[in-house]
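Good morning, colleagues, and thank you for making time for this item. I shall present one structure and go through its parts in turn.

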Amino acid sequence: MNRKKNIFIIGILCLFVVTASFIQIYRVNAAYPSAKQVYIPFSKIHMLEEGINLSVISSKWLNNEAVREKYGEYLDLGSSDMKVVYATVEIQNITDKEMKVPLYKLYIESDLHYCNGLDLEMYMIDNTNQPVEINLKSKEKVTVSLPYSIYSFQFKENEWNSIEDYNFYLVNSRYPVKYCWELK
């Protein structure tokens, strides 16, 4: 009889703990709702951060052969099949003071739940006189090409074969509002 009583008490305590956990989960979810997603159409200007605007001017894909031809003598690209998506962006300081823009905070994301950061080595080869953190004077505007490398092992074969058909976005922040600049 004593054993049944102990099992009953432990069961009640477990039920209490599970209920308290669900209440906490509900409270956190209510306090921090899902991020609102805002899609900025290709070539449209939108605020990247306070005082800085960004627009995607163009995007293009390089296949494995073109990547190896362009970067092969500078980088060890390994043996994996890869592609590079380039986003050429225009960044403008709209304030009356000098501003810093950290380009390494821009990453690429797709409808395939893929996410990757700027390929810094390729960026430095393509933009030899342009640091990855740009200082923009008042009202200054610059155009920068941002390379993002993508590898075949990161996708299923059918996705890889048609990777260029999927939607890709540049994203700077995720919460509370996720701004997505469309690349096509």
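Predicted model: local features only at pLDDT ≥ 70, side-chain atom pairs only at ≥ 80, totals over all residues.

**An exposed glutamate, and what lies around it**

I begin with a single residue. Glutamate 65 is exposed, because its relative accessible area is 55%, and the threshold for that class is over 50%. Its place is in helix α2, which covers residues 64-71. From glutamate 65 to asparagine 127 there are 62 residues in sequence, and the C-alpha atoms of the two are 21 Å apart in space.

The mean pLDDT of the chain is 86, and 98% of its residues reach 70 or more. Confidence is lowest in helix α1, residues 2-31, where the mean is 80, and highest in β3, where it is 93.

Let me turn to the chain as a whole. It contains four helices and eleven strands. Its radius of gyration is 24 Å, whereas a compact globule of 184 residues would have one near 16 Å. Along the principal axes, the C-alpha trace spans about 80 × 50 × 25 Å. Of the 184 residues, 35% are buried. If we consider contacts between residues at least 6 apart in sequence, 71% of them join residues at least 24 apart.

Now to the sheets. One of them is an open sheet of four strands, in the order β2-β3-β4-β9, and its pairing is antiparallel. Which strands stand at the edges? They are β2, residues 46-49, and β9; each has a single partner strand, so one side of each is left without a neighbour in the sheet. From one strand to the next, the twist averages 40°.

Within this sheet, β3 and β4 pair in the antiparallel sense over ten bridges. One example to locate on the display is serine 59, whose bridge partner in β4 is alanine 87. Helix α2, where we started, packs on the sheet and touches β3 and β4; the direction of α2 makes about 65° with that of β4.

Although β9 is an edge strand, eight of its eleven residues are buried, so β9 is largely enclosed by the rest of the structure.

Let me contrast our first residue with another. Leaving aside neighbours within four places in sequence, serine 55 is in contact with Ser43, Lys44, Ile45, Thr88, Val89 and Glu90.

Not counting residues up to four places away in sequence, valine 89 touches Leu54, Ser55, Val56, Ile57, Val142, Thr143, Val144, Leu146 and Leu170.

Strand β10 takes us to the remaining sheet I wish to describe. Five strands form an open sheet in the order β1-β11-β10-β6-β7, with mixed pairing. The edge strands are β1, residues 36-40, and β7, residues 115-117, each of which pairs on one side only. On average, neighbouring strands of this sheet are turned by 30° against each other, direction ignored.

Inside this sheet, β6, residues 107-110, and β10, residues 168-171, run antiparallel and are joined by four bridges. Glutamate 109 has tyrosine 169 as its bridge partner in β10.

Technical notes: Residues numbered from 1 in each chain as written. Heavy atoms only, no water. Pairing = 2+ DSSP bridges. Helix = DSSP H or I, 4+ residues; strand = E, 2+ residues; numbered from the N terminus. Axes fitted to C-alpha atoms, helices over the stretch in contact; angles between N-to-C directions. Contact = heavy atoms within 4.5 Å. Buried < 20%, exposed > 50% of the residue type's maximum accessible area, 1.4 Å probe, protein only. pLDDT = per-residue confidence, 0-100. Rg over C-alpha atoms; globule rule 2.2 N^0.38 Å.
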